[in-house]
Amino acid sequence: MSVADPQQMAPTAPLQLSGKRTPAAFGRLLLSEMRLIVGRRRNQAGIGVLMVIPVIMTIALKASSDGGESGEGGPLFLAAAINNGYFVALAALGIEIGLFLPLAVSWLSGDSIAGEANLGTLRYLLTVPVGRTTLLAMKYLSLLIGAFIGVLAVALAGLVAGGIAFGFGPVTLLSGTQLAFAPALLRLLLAALYLTAGLGALAAIGLFVSTLTEQPLGATIATVALSTLMWILDTIPQLDWLHPWLLVDRWLAFADLLRDPVLLDTISRGLLVDLAYVAVFLAAAWARFTAKDVSG
Amino acid sequence: MTLTEPSAPVTSLAAISTRGLTKRFGSHAAVDDVDLDVPRGAIYGFLGPNGSGKTTTIRMLLGLIHPSAGDITMLGGDMPAAAAAALQRVGALVEGPAFHLYLSGRANLQRLDAADALADPRTSRSRIDAALDRVGLLSAATKRYRAYSLGMRQRLAIAAALLMPRELLVLDEPTNGLDPQGTREVRSLISQLNRDGATVFVSSHLLSEVEQVCTHVGVMRAGSLVAQGPIGDVTSAFAPIAWARTTRPDLAATVLTGLGMDEVTAVSDGAHGLLGDLPADLVIASLVRADVPVTEFLVRRPSLEDEFIALTGAGFDVSG
């Protein structure tokens, strides 16, 4: 192109840099994402499954206790529920963090990018335009919210079912002291937040896997497989050197929140491990997604 | 709904300009050294058979895929550095419609509007309905996308490009799946948007669909841009052909070759060749002097359609 070309000499219209997204605009995008997630039938069915499990546990416990059995043994917290419905919520969280909650989070996170790529809606979001970093941040926040909704749904279903079957009373902690119902609810909320943090780390893995493929189901299966593998490795004593590094290793430490005083040692280390997983996998997802050719 | 702000005067500034734009997949160049020049205010027909690299080019223009080489300037900004600012002024339809199946047409547009950092949520509803109305989908706004026909899906994708005022519309095969009536409507929509001040870059593998509305064309073949310019220039650049009907085709061919004409061919009832700069009367005189019995002599320019087929090879050939 010659320098004298008049087309090139003409002043170019300045491009105003209005590309910055205000927090309100980000909020609007996040809200639309949450609507999409919550409005989806299969997600509603998933929440339904999460909520049915505490109900089943309650019925099973009620049936066995009416039959005069002691209800001793069995899953964490479950036996205590005979005297106080509150413990059904904790028992249900303990059960579901093993498979169903990670499954739900893998489901959402595997779908997050790969699902849009698979449908082709990803290219329309990107040309709106939504910056790739913004999109990733929004998707991850929606996964955190989704994970929290899942955990809350389990806890609430457990509280309601347990309350109906066994009633509520002052909560006897694992250390023997008694706690009024309101502060006990606060401990339950803290437990829910702790589990959400762990699931949030799993969501970061899922989000990363989701940027690798255009097959949402594949991303989901890979993420579930990974969390299940970690549970399995965590039960093998010969691998105890590995256990502290496994994401799932300290998930059940939410029980420490039910002691007096609260044991923060394991929990804080668990949170650090969560944070490390989040940092590594979000960085990987970002590196992958911002360089990716979107041709689906 | 006005589609553009007090419309910028049509200037010679390029809406899209690329230099050496190339995309390689492995060793295969899907787009090879393409220099696009789309002036502001134009309706630019981006033509070429399926698989000639049109969509890959469009994906690079919109920042969906990264070029292997070359530069892109869009609305005065260098891509991809100015992508966010430039794309806000671009409405795009890329490689067919894609929406959430279980959402209504309107809900799908709400989703895209929510994603637009510049869209005012207070006017969202009215803008969405205006866009739906513009493509004739307002009555089907609450229907699920799953139940839309291909034509309706295509219209919804066009509506999505019209949610905000746009300076440039990039429409990849907008008439795909539309019936003749729908195709006519899209053509008239394109003209209308252009009159409102938007530059329109429209790709098609069917020349006839866009030829009537285009001010400029670019023709792709096997990853290369083989012709480009104002539609009048492109047609007038087509080399005129001199054609003589005679009972002695071989002799006629010899004379034409002797005059320095290219691509001289003898056929059963005559001979033809590229006229070049020769005056037609000189050709006729030479034929007569050589005792070629000429019964008819013709100089004609190939139509855009002829040339399009010549440039791009057979219409159904999928190259690369």
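This is a predicted model: local features need pLDDT of at least 70, side-chain atom pairs count only at pLDDT 80 or more; totals for chains, interfaces and linings use all residues.
View 1. Although E173(B) is not a glycine, its phi is positive, about 50 degrees.

**View 2. The loop that holds A222(B).** This loop of chain B runs between β10 (216–221) and β11 (224–230). A222(B) is not a glycine, yet it has a positive phi of about 45 degrees. With 19 C-beta neighbours inside 10 Å, A222(B) counts as partly exposed.

**View 3. Helix α9 of chain B, residues 249–258.** The buried residues of this helix are A252(B), A253(B), V255(B) and L256(B). Seen down the helix axis, they fall within an arc of 160 degrees, so they line one face of α9(B). These buried residues pack against β12 (241–246), β13 (262–267), β14 (270–274) and α10 (280–289) of chain B. The face turned away from the buried side carries the exposed residues D250(B) and G258(B). After α9(B) comes G260(B), with a positive phi near 90 degrees.

**View 4. Two cis peptide bonds in chain A.** One joins V128(A) and P129(A), with omega about 5 degrees. P129(A) is in the loop between α6 and α7 (132–166). Another runs from D260(A) to P261(A), with omega near -5 degrees. P261(A) lies in the loop between α9 (216–235) and α10 (265–291) of chain A.

**View 5. Contact between chains A and B.** Here 30 residues of chain A are in contact with 33 residues of chain B. On the chain A side, the largest share, 6 residues, comes from α6(A). By class, that side has 15 nonpolar, 11 polar and 4 charged residues.

Key:
Residues are numbered from 1 along each chain as its sequence is written. Chains are lettered from A and ligands numbered from 1 in the order in which they are written. Two residues are in contact if their C-beta atoms, placed from the backbone, lie within 7 Å. Helices (H or I, at least four residues) and strands (E, at least two) are DSSP runs, numbered from the N terminus. Ala, Val, Leu, Ile, Met, Phe, Trp, Tyr, Cys and Pro count as nonpolar, Asp, Glu, Lys and Arg as charged, and the others, Gly among them, as polar. A residue is buried if 20 or more other C-beta atoms lie within 10 Å of its own, exposed if 12 or fewer, and partly exposed in between; C-beta atoms are placed from the backbone. The arc is that of the directions from the helix axis to the C-beta atoms.
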